[in-house]
Amino acid sequence: MQIDLRTVSIKPVRQTFDHIARRFGDKPASRYQEGTYDLQQTDIFHYRPLWEPEHRLFDQQRTQVVMKDWYALKDPRQYYYGSYTIARARQQDAAEANFDMVEERGLADTIPATFRQIALALLVPLRHVEWGGNMNNSFISAYGYGTAITQPCLYHAMDHLGIAQYLTRLGLVLEGPAALDTAKDAWMGDPRWQEMRRLVEDVLVTQDWFELFVAQNLVLEGLSYPLFFDHLDNEFSTNGATAISMMTRFMAEWYAESSKWVDAQIKVAAAESAENRGLISSWVQHYRERVGKALAPLAEVAFGERATAVLGDVTADFNSRCAKLGLAI
Amino acid sequence: MDMQATKKKVGLKEKYAHMTRGLGWETTYQPMNKVFPYAEFEGIKIHDWDKWEDPFRLTMDAYWKYQAEKERKLYAVLDAFAQNNGHLGVTDARYINALKLFLTGISPLEYVAHRGFAAAGRNFPGVGPRVACLMQSLDEVRHAQTQIHALSNYNKHYNGFHDFKHMIERVWYLSVPKSFFDDAFSAGPFEWMIAIGFSFEYVLTNLLFVPFMSGAAYNGDMGTVTVGFSAQSDEARHMTLGLECIKFMLEQDPDNLPIVQKWIDKWAWRGTRVLTLVGMMMDYMLPKRVMSWKEAWEIYFEQNGGALFNDLARYGIKVPECLSQTAIDKEHISHQAWATFYQYGGASDFHTWMPTDEEMDWLSAKYPNTFDKYYRARFTHWRDEAEKGKRFYNGTLPMLCQVCQIPMLFTEPSDPTQICYRESEYQGEKYHTCSDGCKHIFDDEPEKYIQAWLPVHQIYQGNCFNEGVDPTAPGFDPLAEVLKWYHVEHGRDNLDFEGSEDQKNFAAWRGLATKNV
Ligand SMILES: [Fe+2]
Ligand SMILES: [Fe+2]
């Protein structure tokens with residue numbers, strides 16, 4: 001039996017799932033909405049976790065931040081798996097073309113020695129910081145509350161892995177595997193990196209997942225990305241080290257995009273209550289100081305005597321960003 | 001300056017190691033056991049995480065690229081399917097009920113798998129397994145979403161799909177798959193890997209996805225088929241991860257063997273019980289059948305699983321303990337489950353029916369030892385009664401197994417006419433299980449299983465009515481009130497397929513389509 005189904009015009013019985021309709025009314029819903037809202041179970045759990053019997057499997061009590069509805073924390077990029085991977089695939093295409101160009105034309109050999117050294121000393125060890133970013137965001141994705149925030153945190157975790165891998169490639173392009181060993185040694189023992197490593201390790205054992213979000217995604221990224229992938233990047237491109245800029249363009253673009261998502265989370269959570277606002281603000285103050293301290297010796301490697309001024313600019317921008325988000329810092 | 005000369009060539013394997021395990025470090029400002037607090041409490045001993053063999057080598061850039069390519073194709077098919085009213089191309093609207101079972105019973109588990117693998121991907125001290133687990137976590141959110149997106153179009157046209165998130169937490173039979181994943185996620189990371197990574201993804205996955213996906217193909221549902229095909233390469237990765245994980249645990253320390261064996265036995269049985277629902281779907285809910293449950297079990301579990309366990313024998317692993325019972329059960333469980341759903345067809349979110357004569361002949365042929373002997377007469381009787389207007393609905397509530405949460409519907413291995421009950425005592429209370437397998441699991445961890453939220457107990461305790469409902473009011477109708485609490489729309493989602501809104505709409509819409517030619 002051949003049937004031409006296209007010609008049938010039928011009236012749907014309903015437009016979307018009930019849990020979506022309860023939020024937005026019974027009208028056609030987006031794939032982001034149907035793939036996100038209320039996906040996490042909330043009410044009935046059979047067993048207490050062996051690993052944390054004081055909580056339920058998914059539990060709002062794992063952070064001090066309180067939200068009436070955790071789905072208020074939506075992702076302005078509206079990423080679900082499909083749109084996320086398609087967006088990143090485009091960016092990786094561009095990154096790949098850049099790496100190809102650097103490698104095929106031997107552009108790495110044109111980088112002035114000073115800047116090659118700076119890149120090796122700063123950007124390559126940074127891959128360990130990125131790996132911390134992966135761990136912290138996978139923690140939130142596992143133990144956070146509500147798909148609206150746990151879903152993009154997994155994407156963010158995988159982005160950090162991707163960036164750690166781009167930085168690894170950068171090291172391999174500049175100096176081969178030896179670059180990675182040297183960077184690891186610096187990460188473990190060079191005094192200039194120790195404040196940073198201490199901070200990263202302290203954040204790794206932080207149990208409040210929203211505090212972790214603030215420490216990692218707002219403060220650490222908010223201060224270090226502008227420093228390394230904007231200010232330092234300018235140094236590279238104005239001093240004949242464009243090859244390095246080419247290999248880190250992904251990071252600069254990624255930060256511009258992902259920080260908008262981070263902002264949306266902080267803004268909504270802080271606006272929810274005076275308590276949230278106070279809590280988040282105090283976390284920002286605490287971590288801003290620690291990140292500043294960790295970045296200071298690294299900024300010195302990058303900018304020499306201008307280090308304090310550059311870090312000051314970065315911090316001032318960060319402060320005004322936080323003020324716009326409604327934080328009292 | 002010639003840097004090229006000083007750079008040695010880096011092999012693929014080495015390069016991947018730099019890209020993954022090279023990122024990690026031994027923490028010193030915080031102790032490792034605080035950074036990875038859940039690595040030891042289950043008693044699994046790992047001496048050297050570097051011995052982990054990466055089951056697949058995929059860097060993030062490659063992952064994004066491949067997966068995005070698949071998404072572009074998949075969503076193009078889903079869009080076309082929706083636009084062209086693909087749902088009207090299925091064999092028969094009865095088929096759509098299999099999809100309801102899928103969306104309410106399986107897609108929410110994909111979601112929990114995503115969260116559980118995110119946890120595993122944070123908790124193992126080894127970087128290699130963490131990266132692999134995180135990629136699986138990402139795949140699992142994909143599976144949840146692509147399934148929801150594919151079935152979204154069915155939801156627009158048919159009943160029973162509309163409140164799957166609410167239902168998975170409440171509806172009586174959905175506590176079977178839900179408690180399975182709750183059980184795994186509430187365990188430690190190593191047990192999670194044996195439960196989901198190995199038992200579910202490796203040993204049992206074919207018994208879940210092949211029936212649904214080939215069922216979709218046989219019944220003209222190209223949207224769902226595409227979702228299934230598109231997940232295949234993900235599944236291949238998940239299988240290699242599960243296998244590597246078990247081998248790694250066994251190679252690291254001989255003391256791990258008894259723990260791993262215990263988990264294999266537990267999860268093979270737990271999984272088998274959940275698959276009862278799939279068996280029932282295959283034998284009763286597909287208008288055009290692919291193969292019988294028994295055949296699927298023999299191919300995918302007995303043969304393929306057998307080969308796998310032969311391979312693991314060198315580590316001292318034995319085939320799961322439940323094998324002798326499942327060899328008997330495979331002849332019965334699908335019939336017993338469908339009989340139960342038919343009797344409780346008023347209380348579920350999909351439609352039921354009795355097989356036609358032709359379908360019963362197929363069942364006789366596929367189950368020569370059991371169908372005619374134990375089930376045909378009952379089914380024929382129910383069908384005859386329904387035709388006389390006396391459709392049989394069971395008004396009593398069944399007792400549930402404390403472990404698998406399936407109603408006590410399975411029979412004694414030695415006597416298919418006797419319902420099987422087992423009893424355990426814990427802290428002065430009696431607990432009932434459906435089988436030796438479930439009793440064994442209960443007795444090993446009673447403090448866990450006494451916590452089970454058993455839907456029937458909860459109804460009796462008055463916990464399954466909407467707020468403000470007064471069970472002492474005159475004319476109180478408990479079933480009607482429970483259905484309201486479930487968000488099951490009485491007369492639309494439940495009862496017989498015959499006479500349902502789904503049946504009428506499908507016929508009318510298809511009629512339009514046929515006339516238009
Ligand atoms: Fe999956
Ligand atoms: Fe059971």
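In chain B, Val176(B), Pro177(B), Ser179(B), Phe180(B), Asp183(B) and Ala184(B) of α9(B) touch Lys266(B), Trp267(B), Arg270(B), Gly271(B), Val274(B) and Leu277(B) of α12(B). Contact means heavy atoms within 4.5 Å. By class, these residues split into 7 nonpolar, 2 polar and 3 charged. Here Ala, Val, Leu, Ile, Met, Phe, Trp, Tyr, Cys and Pro count as nonpolar, Asp, Glu, Lys and Arg as charged, and the others, Gly among them, as polar.

The model is predicted: local features need pLDDT of at least 70, side-chain atom pairs count only at pLDDT 80 or more, and totals for chains, interfaces and linings use all residues. Residues are numbered from 1 along each chain as its sequence is written, chains are lettered from A and ligands numbered from 1 in the order in which they are written, and side-chain values use heavy atoms, with hydrogens and water left out.

Back to the helix pair. Helix α9 (residues 175–186) and helix α12 (residues 256–285) of chain B have axes that come within 9 Å and cross at roughly 155 degrees. That makes α9(B) roughly antiparallel to α12(B). Angles under 35 degrees count as roughly parallel, over 145 as roughly antiparallel, 65 to 115 as roughly perpendicular and the rest as oblique. Axes are lines fitted to C-alpha atoms, for helices over the stretch in contact, and angles run from 0 to 180 degrees between N-to-C directions. Helices (H or I, at least four residues) are DSSP runs, numbered from the N terminus. The crossing of α9(B) and α12(B) is left-handed. That term applies if the near helix is turned anticlockwise from the far one by less than a right angle; clockwise gives right-handed.

Helix α12 (residues 274–303) of chain A packs with helix α13 (residues 307–324) of chain A at about 150 degrees, their axes 9 Å apart. So α12(A) is roughly antiparallel to α13(A). The crossing of α12(A) and α13(A) is right-handed. Their contact has 10 nonpolar, 3 polar and 2 charged residues. Among them are Leu295(A) and Phe303(A) in α12(A), and Val310(A) and Phe318(A) in α13(A).

Next, the metal site. Glu110(B) (OE), Glu140(B) (OE) and His143(B) (ND1) coordinate the iron ion (ligand 1) at 2.1 to 2.2 Å. Donors are N, O and S atoms within 2.8 Å of the metal (3.2 Å for Na, K and Ca); water is not among the atoms, so sites may look incomplete. The donor residues follow the spacing E-x29-E-x2-H. Glu110(B) sits in helix α6 (residues 107–123) of chain B and Glu140(B) in helix α7 (residues 127–157) of chain B, so the pair ties together parts 30 residues apart in sequence. Both Glu110(B) and Glu140(B) are buried. Buried means under 20% relative accessible area, exposed over 50%, partly exposed in between (1.4 Å probe, protein chains only).

Now the loops. Ala39(B) lies between α3 (32–35) and α4 (60–83) of chain B. Ala39(B) is buried, at 12% relative accessible area. Beyond its neighbours within four places in sequence, Ala39(B) contacts Ile44(B), Asn123(B), Pro125(B) and Phe190(B). Ala39(B) and Phe190(B) are 151 residues apart along the chain, yet their C-alpha atoms are separated by 8.1 Å.

Finally, backbone angles. Most residues other than glycine have a negative phi. Asp38(A), not a glycine, has a positive phi of about 60 degrees. Asp38(A) is in the loop between α2 (31–34) and α3 (81–104) of chain A, and is buried at 15% relative accessible area. His487(B), also not a glycine, has a positive phi of about 65 degrees. His487(B) is in the loop between α21 (478–486) and α22 (501–516) of chain B. At 25% relative accessibility, His487(B) is partly exposed.

Conventions
Helices (H or I, at least four residues) and strands (E, at least two) are DSSP runs, numbered from the N terminus.
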